[in-house]
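User: I am new to protein structures. Please take me through this one in short steps.
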Amino acid sequence: MDSITQAVLGAALQGTVLGRIQGRRSLIYGAALATVPDLDVVIRYADPVSQMTYHRGFSHSLFVLTGLALLLALLVNWLGRTRWPTQGYTLGRLFLAFWLVLVTHPLLDAFTVYGTQLFWPLQTTPLSWAAVFIIDPLYTVPLLAAVLYTAIKGINHKALRLLSLALIFSTAYLGFGLAGRMVAEHRLQAALDQQGVAVTQVRAVPMAFNSLVWRVLAKTPDGDYYEGISSLFDRAPPEMQRLPLNLAAADGLPSAPLLQRLRWFTDDWLRYDQVGDALVVTDLRMGIPGNYTFRFNMAHRDSQGHWVADTPSRFVGAGPGSMFDGHDLALIWRRILDQQPPLPLAAWTTQYLGQAAEPGR
């Protein structure tokens, strides 16, 4: 999630557990500690694929953060006994506070679609539960309001109650998002089953700033994918389009290490396009139809027509900023309640990918 959300979540947690001991300072300490896992962004890698796939790695590991929480608890407990004996610190309460603040950061990140390596150094596929968009005001605002009230009024019974209620609501909202994802996946699967279309994988991801309208992807055995839109308020089957993954385009790079790493990180939700003499690889999980957040130049053709792996670079296209186009966002938010007219999937695909899509039957 975004840094503001992580900070207010940490502030709410530490305020709840240590507020009666630390007072308002618990909010500041919790907000600062909650941002520690994202300090890995200061590490610069040689290429954008490495930058993407090593982010949310060791610094988001539950093993690493549990160890860090224990070290911090031991340090503060020692300081409490030697310098602040009247504060009332206990090792158990300190560890609980620090552990909750630290581990909820990667756990919350895992509820987005990006991918979080909770069990680093184990090389399991990064977790991507895709229950919330990376910025979701309905998740953040209640926590922010409770933290601001506590910062103004101080730690008292009402403030602690508000913090607790905000934490309960935010947790329930994540559960709501998971349920919405399952509903969206079921609806697309049912629509494809009705058409007699066999698929091998289905996954839904929330669209911009909400958990009510979903973009749903489904792979077919013959190397295509369906992309559909579903809202929790829909009464009719989702609109959809069929597009090629172009898997044959990657046959010339079977052992390119960074391509293999990208396949692992995204759980192989990739499509391949030849743009001029370049091989462009797209992560299908993030963005709007046709306009995906992560696209990379991975290779070029030599004089004999063979692919030669390059140091990856960002593909120069519309870019993630275009997803915040006011007109497109208005269409997405209108789509939450109204299924007609459907979102212009084919027009977006032509605009951003430069190719026509086959409409869903």
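User: Where does A130 lie?
Analyst: The model is predicted: local features need pLDDT of at least 70, side-chain atom pairs count only at pLDDT 80 or more, and totals for chains, interfaces and linings use all residues. Residues are numbered from 1 along each chain as its sequence is written, and side-chain values use heavy atoms, leaving out hydrogens and water. Helices (H or I, at least four residues) and strands (E, at least two) are DSSP runs, numbered from the N terminus. A130 sits in the loop between α5 and α6.

User: Is A130 buried or exposed?
Analyst: Buried means under 20% relative accessible area, exposed over 50%, and partly exposed in between (1.4 Å probe, protein chains only). A130 has 0% relative accessibility, so this residue counts as buried.

User: What is the phi of A130?
Analyst: Most residues other than glycine have a negative phi. A130 is not a glycine, yet its phi is positive, at about 50 degrees.

User: Where is D268, and is this residue buried or partly exposed?
Analyst: D268 is in the loop between α8 (257–265) and β5 (270–275). Its phi is positive too, near 65 degrees, and D268 is not a glycine. With a relative accessible area of 26%, D268 is partly exposed.

User: Which residue just after α8 takes a positive phi?
Analyst: Look at the place where α8 has just ended. The phi there is about 60 degrees, and the residue is D267.

User: Which elements do the buried residues of α8 pack against?
Analyst: The buried residues of α8 are L259, R261, L262, W264 and F265. They pack against α3 (48–54), β5, β6 (278–283) and β9 (295–301).

User: What is omega for the bond from Q340 to P341?
Analyst: P341 is in the loop between α9 (326–335) and α10 (345–353). The bond from Q340 is cis, and omega is near -5 degrees.

User: How many residues does the largest nonpolar core have?
Analyst: A nonpolar core is a set of buried Ala, Val, Leu, Ile, Met, Phe, Trp, Tyr and Cys residues joined through side-chain atoms within 4.5 Å. In this largest core, L9, L18, L94, F98, Y139, L143 and V147 have the most contacts. α1 (3–22), α2 (25–34), α4 (62–82), α5 (91–110), α6 (137–153) and α7 (157–195) each supply at least two of its residues. The count for the core is 40.

User: Which residues does V147 touch?
Analyst: Contact means heavy atoms within 4.5 Å. Residues up to four places away in sequence are not counted. V147 then touches V8, A11, A12, L27 and L163.

User: How are α2 and α5 set: parallel, perpendicular or oblique?
Analyst: Axes are lines fitted to C-alpha atoms, for helices over the stretch in contact, and angles run from 0 to 180 degrees between N-to-C directions. Under 35 degrees counts as roughly parallel, over 145 as roughly antiparallel, 65 to 115 as roughly perpendicular and the rest as oblique. α2 and α5 pack at about 40 degrees, with their axes 9 Å apart. The pair is therefore oblique.

User: Is the crossing of α1 with α7 left-handed or right-handed?
Analyst: A crossing is left-handed if the near helix is turned anticlockwise from the far one by less than a right angle, and right-handed if clockwise. α1 and α7 pack at about 140 degrees, with their axes 10 Å apart. Their crossing is left-handed.

User: How far apart are the C-alpha atoms of A159 and D302?
Analyst: A159 is in helix α7 and is buried, at 0% relative accessible area. A159 and D302 are 143 residues apart along the chain, and their C-alpha atoms are separated by 65 Å.
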